[in-house]
Amino acid sequence: MSILKKLFTAVRGGAREVGESIVDANGIRIFEQEIADAQNALQKAKKSLTEVMAKEMQTKRKISALNDSIAEHEAYAGQALEKGNEALALEIAEKIGDFETEKAEHDQVLAGFSNHIVALKQQVKDAEKSIKENQRQLTMVKTTESVQKATMAVNSTLNTNESSMTNARQSLERIKQRQQDRQDQLGAAKQLEAATNGDDLKAKLAEAGIGEQNQKSSDILARIKAKQAQ
């Protein structure tokens, strides 16, 4: 029984690790969806707030109407007293009492609405602030994720032997080597041609001052002068 329990615990641990890896792999997407869910909830809260505010306005209008009725009936009671009709004035006073009782009830309801509205407005304000902060954080983590992925891709490209950058460098080295080989071949062919024509030997004799030499300009001028002197 103990072994089965441990196996079950191991399976649960493995499932938890798999679940955590899935969450980590989709962290940004999950965070983005959570922000969207919060925005939807905020819109519903705002709608509820407007409904409560509308009821508050209705209650205020009802209280205002009751105040008008009370003032109006107080005037009626005063007129009845002026005419000496105290029984009518008492009846009117009872009606005024009903108005005041109803007004007190609405005053209590209005106070509840007002307090509730204050609390809801603060909650909406806090929620909006939290959502904006999460949106800023989302932008930051998205940017960081993009930069890190780009950096990893660049590093992978530069450091992998089979990468395109490595292949490009190898191609460049082969081109340079091929051009150097061609240049060496041209130089060797030129040397071979000079040796075949005897130009190479003539150049060496001339450099050593052996064999036919080209007359210098001074020698030619001296010969011309000698002819003129005859």
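Me: Which residues make up the largest nonpolar core here?
Reply: This is a predicted model, and in it that core consists of nine residues: Ile-35, Leu-42, Leu-49, Val-52, Ile-117, Leu-120, Val-124, Ile-131 and Leu-138.

Me: Which helices supply them?
Reply: Helices α2 (27-82) and α3 (86-159) each give at least two residues to this core. The largest share comes from α3, with five residues.

Me: Let's pick one of those. What does Ile-131 touch?
Reply: Leaving aside residues up to four places away in sequence, Ile-131 touches Ile-35, Ala-38, Gln-39 and Leu-42.

Me: Okay, and what about a second core?
Reply: There is a separate one with eight residues, including Ile-70, Ala-77, Ile-92 and Phe-99.

Me: Changing topic: how many helices and strands does the protein chain have?
Reply: You'll find six helices and zero strands. Starting from the N terminus, the order reads α-α-α-α-α-α.

Me: How far apart are the ends of α2, and what should 56 residues span?
Reply: The end C-alpha atoms of α2 are 82 Å apart. At 1.5 Å a residue, its 56 residues should span 82 Å, so the two values agree.

Me: And what follows α2?
Reply: Gly-84 does, and its phi is positive, near 80°.

Me: Which residues does the coiled-coil annotation cover?
Reply: The UniProt record, an unreviewed entry, puts a "coiled-coil region" at residues 28-55. In the model, that span is 100% helix and 0% strand, and its end C-alpha atoms lie 41 Å apart.

Me: I'm looking at Ala-41 now. Where is it, and is it buried or partly exposed?
Reply: Ala-41 sits in helix α2. Its relative accessibility is 44%, so Ala-41 counts as partly exposed.

Me: How far is Ala-41 from Ala-127?
Reply: In sequence, they are 86 residues apart; in space, the C-alpha to C-alpha distance is 9.4 Å.

Me: What about contacts across the protein chain?
Reply: Take the contacts between residues at least 6 apart in sequence: 71% of those join residues at least 24 apart.

Me: How much of the chain is buried?
Reply: Buried residues account for 12% of the 230 residues. The accessible surface of the chain is about 18,500 Å², and 55% of that belongs to carbon and sulfur atoms.

Me: Last one: what is the mean pLDDT, and which element has the lowest?
Reply: For the protein chain the mean pLDDT is 80, with 72% of residues reaching 70 or more. Among the elements, helix α1 (residues 2-25) has the lowest mean, 57, while α2 has the highest, 92. Where pLDDT is low, the predicted coordinates should not be read in detail.

Definitions and conventions
Residues numbered from 1 in each chain as written. Predicted model: local features only at pLDDT ≥ 70, side-chain atom pairs only at ≥ 80, totals over all residues. Heavy atoms only, no water. UniProt positions renumbered as here; feature names shortened; annotations may be inferred. Helix = DSSP H or I, 4+ residues; strand = E, 2+ residues; numbered from the N terminus. Buried < 20%, exposed > 50% of the residue type's maximum accessible area, 1.4 Å probe, protein only. Contact = heavy atoms within 4.5 Å. Areas by Shrake-Rupley, 256 points an atom, 1.4 Å probe, with all protein chains shown as cover. Core = buried A, V, L, I, M, F, W, Y, C linked by side-chain atoms within 4.5 Å. Expected span 1.5 Å × (residues − 1). pLDDT = per-residue confidence, 0-100.
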